Amino acid sequence: GRASPPLAALSQVLRLERSRRTGIVFPLQKLERYLAPGTDTTRFRVFQPGLAALQRAEALFRSDRGHPIDYVSSAVRMDHAPPPALPEVCFIGRSNVGKSSLIRALFSLAPEVEVRVSKTPGHTKKMNFFKVGKYFTLVDMPGYGYRAPQDFVEMVEAYLQERHNLKRTFLLVDGVVGLQKTDNIAVEMLEEFGIPYVMVLTKIDRASRGVLLKNVLEIQEFVKENTQGCFPQLFLVSSVEFSGVHLLRCFVAHVTGNLPTVEAS
């Protein structure tokens, strides 16, 4: 397998000086200091686990002989999907939003897990299932929009409506361009089916601070005004710099019931 990249493990992040460490683990909080005085930041800190919770979550994403992390199978139809035995999370987003790169970053402490990342948008044409020991399953869904598979809507709608073990859907939005029309369609679908979901802003290393702040505030306002099923806190991630990856691992562990109590830091 490949070696784990720098900052993939919390122990490496903890060696950094404090402000850089906070920026990697809690990238949303790093933005707080640039907001206008009086801006409501309660939605920046809804999920704020302490170090022990982050470490317990990381252990789930670190494979060993007694805790294998495996690609299980791919499916284009629900009757091809593996049995719904474990709690499950799925990742959806536009074709070039960086979904497979983020999943590879989440699994970077299990370098034997093969998450295919293509330079061509729309590479994922099937639902890809990854089993994390006996704890949960993570599903990489095909991208929507550009070069989406023809039967995308049928595949995804069937999955969202029929998969009773689905605990949370992670809707990925490009941090550089913000919410697009196709993302709004995905939001409407999740809202219509009553599926609990969370928005994840990707590629934050490519966005200027001004653009990132604008997109964060606009999306948080959108979530507040237009959604029922969306978690109030936005998650910011960079698969390149590992910003937000540790926090996202912790949230996945939490929503799949593998971190029942998340203590405040």
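**View 1. Helix H2 and the helices around its buried residues.** In helix H2 (residues 18–25), Gly23, Ile24 and Val25 are buried, where buried means under 20% relative accessible area, exposed means over 50% and partly exposed lies in between, computed with a 1.4 Å probe on protein chains only. The buried residues of H2 pack against helix H1 (10–13), helix H3 (27–32), helix H4 (51–60) and H9, a contact being a case of heavy atoms within 4.5 Å. Helices (H or I, at least four residues) and strands (E, at least two) are DSSP runs, numbered from the N terminus. The model is a predicted one, in which local features need pLDDT of at least 70 and side-chain atom pairs count only at pLDDT 80 or more, while totals for chains, interfaces and linings use all residues. Residues are numbered from 1 along each chain as its sequence is written, and side-chain values use heavy atoms, with hydrogens and water left out.

**View 2. The whole protein chain.** The protein chain has nine helices and seven strands, and its C-alpha atoms fill a box of roughly 50 × 45 × 35 Å along the principal axes. For 265 residues, a compact globule would have a radius of gyration near 18 Å, and the 17 Å of the protein chain agrees with this; the radius is taken over C-alpha atoms, and the globule rule is 2.2 Å times the number of residues to the power 0.38. Buried residues make up 53% of the 265 residues. Among the contacts in the protein chain with a separation of 6 or more, 75% come from residues 24 or more positions apart.

View 3. Seven strands form an open sheet with mixed pairing, in the order E1-E3-E4-E2-E5-E6-E7, two strands being paired if DSSP finds at least two bridges between them. Strand E1 (69–75) and strand E7 (235–236) stand at the edges with a single partner strand each, so one side of each is left without a neighbour in the sheet.

View 4. Strand E3 (residues 127–132) has five of its six residues buried, so it is largely enclosed by the rest of the structure. E1 and E3 pair in the antiparallel sense over six bridges, with Met127 in E3 as the bridge partner of Ala75. E3 and E4 likewise pair in the antiparallel sense, over five bridges, and the bridge partner of Val132 in E4 is Phe136. These two strands, E3 and E4, form a hairpin with three residues between them, and Gly133 in the turn has a positive phi of about 55°.

View 5. Tyr71 lies in strand E1 and counts as partly exposed at 42% relative accessibility. Leaving aside its neighbours within four places in sequence, Tyr71 is in contact with Asn128, Phe129 and Phe130. Tyr71 and Lys134 are 63 residues apart in sequence, and their C-alpha atoms are 13 Å apart in space.

View 6. Helix H5 (residues 99–106) lies across strand E2 (88–93), strand E4 (136–140), strand E5 (166–174) and E6, and runs at about 145° to E2. Helix H7 (residues 181–193) lies across E2, E5 and E6, and runs at about 165° to E5. Axes are lines fitted to C-alpha atoms, for helices over the stretch in contact, and angles run from 0 to 180 degrees between N-to-C directions. H5 and helix H9 (residues 245–255) pack at an angle of about 80°, with their axes 10 Å apart, and are therefore roughly perpendicular to each other; angles under 35 degrees count as roughly parallel, over 145 as roughly antiparallel, 65 to 115 as roughly perpendicular and the rest as oblique. Leu102, Ala105 and Leu106 in H5 meet Val245, Leu248 and Arg249 in H9.

**View 7. Two positive phi values in loops.** Most residues other than glycine have a negative phi. Lys203, in the loop between E6 and helix H8 (209–226), has a positive phi near 55° and is buried, with a relative accessible area of 18%. Phe242, in the loop between E7 and H9, has a positive phi near 70° and is buried, with a relative accessible area of 3%.
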